[in-house]
Amino acid sequence: MYRMAVMSAFLIEDSEIDLNKCIKMSIVHDMGESIIGDITPHCGVAESTKYLMEVAAIDKLSLYLNGNKGEEIRQLFKEYEDGKTPEAKLVKDLDKFDMILQAYEYEQQENLPKFLQEFFNSTKDTFIDSHPYIKDLVSKLYTARESNIPFATHT
């Protein structure tokens, strides 16, 4: 949890993207998951049901905030879900990257190479139009996975 926010804060460098917004959007995304859990495509939950669960979680959390902060959280969540802004696209790609990175970490931890291939299959062709930095991270992860070595952001 919160790895997407850390990646937004410390790994991405792009003057055309509001990284502060990416950090907040990543945190908002994770806040919803802190209530409903991280529902992956393999959980068997319909997208429409997942969305309604996430909206309810965000609405619940927003009630605890004073002033316009609750509305800011709802707007960041909506922007993320709409996926149209450069920031939302980047955070969505970080979410998908985080999923396959976590799958690879589990494979490494359990010494089961390629055991979680279905997670990689679910993101096939997802990163074609991604930010160059995301493409680079994905490429490095696939290289590490092919060689069955630990992943590093720098090589």
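1. Which residues line the largest cavity? They are Val28, His29, Gly32, Glu33, Glu54, Ile58 and Phe77. A cavity here is a set of points, on a 1 Å grid over the protein atoms alone, where a 1.4 Å probe fits but cannot get out, and lining residues have an atom within 4 Å of a point.

2. A word on the ground rules: this is a predicted model, in which local features need pLDDT of at least 70 and side-chain atom pairs count only at pLDDT 80 or more, while totals for chains, interfaces and linings use all residues. Residues are numbered from 1 along each chain as its sequence is written, and side-chain values use heavy atoms, with hydrogens and water left out.

3. Helix α2 gives the most to the lining, with 4 residues, and both α2 and α3 (47-62) supply at least two. Helices are DSSP runs (H or I, at least four residues), numbered from the N terminus.

4. Valine 28, one of the lining residues, sits in α2 (residues 19-36). Valine 28 counts as buried because its relative accessibility is 3%, the cut-off being under 20% relative accessible area with a 1.4 Å probe, protein chains only. Leaving aside residues up to four places away in sequence, valine 28 touches Ile58, Ile73, Leu76 and Phe77; contact means heavy atoms within 4.5 Å.

5. Now look at α1 (residues 3-10), where Met4, Ala5, Met7 and Ser8 are buried. They lie on the same side of α1 because they cover an arc of only 160° around the axis, the arc being that of the directions from the helix axis to the C-beta atoms. Their cover includes α2 and α5 (86-110).

6. Finally, histidine 131 is in the loop between α6 (117-122) and α7 (132-147). Is histidine 131 buried or exposed? Histidine 131 is buried, at a relative accessible area of 17%. Its side chain makes a polar contact with the side chain of aspartate 14 at 2.7 Å (a pair of N or O atoms within 3.5 Å; within protein, one must be able to donate a hydrogen and the other to accept it, and residues adjacent in sequence count only if both atoms are side-chain atoms). Not counting residues up to four places away in sequence, histidine 131 touches Asp14, Ile17, Leu90 and Asp93.

Key. Buried < 20%, exposed > 50% of the residue type's maximum accessible area, 1.4 Å probe, protein only. 1 Å grid on protein atoms, 1.4 Å probe; cavity = no way out; pocket = protein on both sides within 12 Å on 5 of 7 lines; lining within 4 Å.
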